[in-house]
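Please keep the sequence and the structure in view while reading.

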Amino acid sequence: MKCEGFTRRDFNTFTIDGLEERMEAIRMRIQPKFKVIGEVLTADLSSSLQNEMYLHIAKHLRRTINPPKDTWLAIAANKRGYKQHPHFQVGLFDDHLFIWLAFIYELPNKENMAKNFLNNLDYITETVPDHFYVSLDHTKKDAKPINEIDLKSSLERFRDVKKAEFLIGRHLSPDDPMVQDGDKLVQFIRETFETLIPIYKLSFE
């Protein structure tokens with residue numbers, strides 16, 4: 001099945017009022033695209049990592065009142081879930097598409113992962129290009145280029161603060177022609193993930 005890119009209408013999903021109305025639009029507009037793109041990326045990652053990876057598409061089941069401000073697919077080495085594992089993400093806010101390697105607060109051993117990262121700061125900065133972004137909270141849009149943050153203190157916070165997170169990857173504007181071209185978008189995401197695989201592996205050392 002052909003990979004479709006994302007249109008301005010897809011991003012405008014997050015301006016729809018009402019939980020049910022917005023969720024219906026997410027299910028109809030975005031999730032079918034996530035499924036096709038996600039299956040391609042999951043096969044790629046399984047091959048690159050020599051380990052079976054599994055696709056998860058956010059269902060937002062815990063929400064009862066507030067409609068989601070973003071939605072995403074996640075790829076992890078666990079079939080049952082992804083939040084307690086390092087995982088790769090692709091998703092949309094209303095004003096950008098995000099591509100992350102995500103280490104979120106539900107990781108049971110994030111302190112050890114943070115220590116691994118802190119012990120390999122030079123390796124991380126050599127591996128990850130300056131134009132990649134870092135986020136410290138997956139629920140917020142805030143993110144900065146890796147060369148504009150204090151990586152050491154960010155990772156210390158990730159280690160020491162229970163709710164702290166660490167996400168690293170790239171953003172694309174809805175108006176970027178690549179976002180609307182499914183094949184080019186998948187190739188861009190694939191290249192992003194390939195760059196981040198050494199960091200993913202580092203988290204398990």
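Nine aromatic pairs are found in a search of the whole structure; rings of Phe, Tyr and Trp (its six-membered ring) pair if their centres lie within 6.5 Å, and planes under 30 degrees apart count as stacked, over 60 as edge-to-face and the rest as tilted. One of these pairs joins phenylalanine 103 and phenylalanine 117, which is edge-to-face because the ring centres are 5.1 Å apart and the planes stand at 70°. The pair connects distant parts of the chain, since phenylalanine 103 belongs to strand β4 (residues 97–103) and phenylalanine 117 to helix α3 (residues 110–118), 14 residues apart. Helices (H or I, at least four residues) and strands (E, at least two) are DSSP runs, numbered from the N terminus.

The model is predicted: local features need pLDDT of at least 70 and side-chain atom pairs count only at pLDDT 80 or more, while totals for chains, interfaces and linings use all residues. Residues are numbered from 1 along each chain as its sequence is written, and side-chain values use heavy atoms, with hydrogens and water left out.

Phenylalanine 103 has 0% relative accessibility and therefore counts as buried; buried means under 20% relative accessible area, exposed over 50%, and partly exposed in between (1.4 Å probe, protein chains only). Phenylalanine 117, at 0%, is likewise buried. Phenylalanine 103 also forms a stacked aromatic pair with phenylalanine 166, at 6.4 Å centre to centre and 25° between the planes. This pair, too, links distant parts of the chain, as phenylalanine 166 lies in strand β7 (residues 166–172), 63 residues from phenylalanine 103. Phenylalanine 166 is buried, with 0% relative accessibility.

In soluble globular proteins, nonpolar side chains tend to be buried together. Here the largest nonpolar core has 52 residues, and those with the most contacts inside it are Phe6, Phe88, Leu97, Phe117 and Phe166. A nonpolar core is a set of buried Ala, Val, Leu, Ile, Met, Phe, Trp, Tyr and Cys residues joined through side-chain atoms within 4.5 Å. Apart from this core lies another, of 11 residues, including Trp72, Phe93, Ile104 and Leu167. Phe88 also forms one aromatic cluster with Phe193, Tyr200 and Phe204.

On a 1 Å grid over the protein atoms alone, a cavity is a set of points where a 1.4 Å probe fits but cannot get out, and a pocket is an open set with protein on both sides within 12 Å along at least five of seven lines; lining residues have an atom within 4 Å of a point. The largest pocket has a volume of about 570 Å³, where volume is the space filled by probe spheres set on the points, which are joined across faces, edges and corners. Its lining has 20 residues, of which His60, Arg62, Trp72, Tyr82 and Lys83 lie nearest the centre of the largest pocket. The second largest pocket has a volume of about 290 Å³. Among the 16 residues that line the second largest pocket, Ser135, Leu136, Asp137, Lys140 and Arg157 are the closest to its centre.

Two cavities of 30 Å³ or more are found in the whole structure. The largest cavity has a volume of about 60 Å³, and its lining includes Phe93, Trp100, Ser135, Asp137 and Lys140. The second largest cavity holds about 30 Å³ of space; α2 (19–49) and α7 (182–202) each supply at least two residues of its lining.
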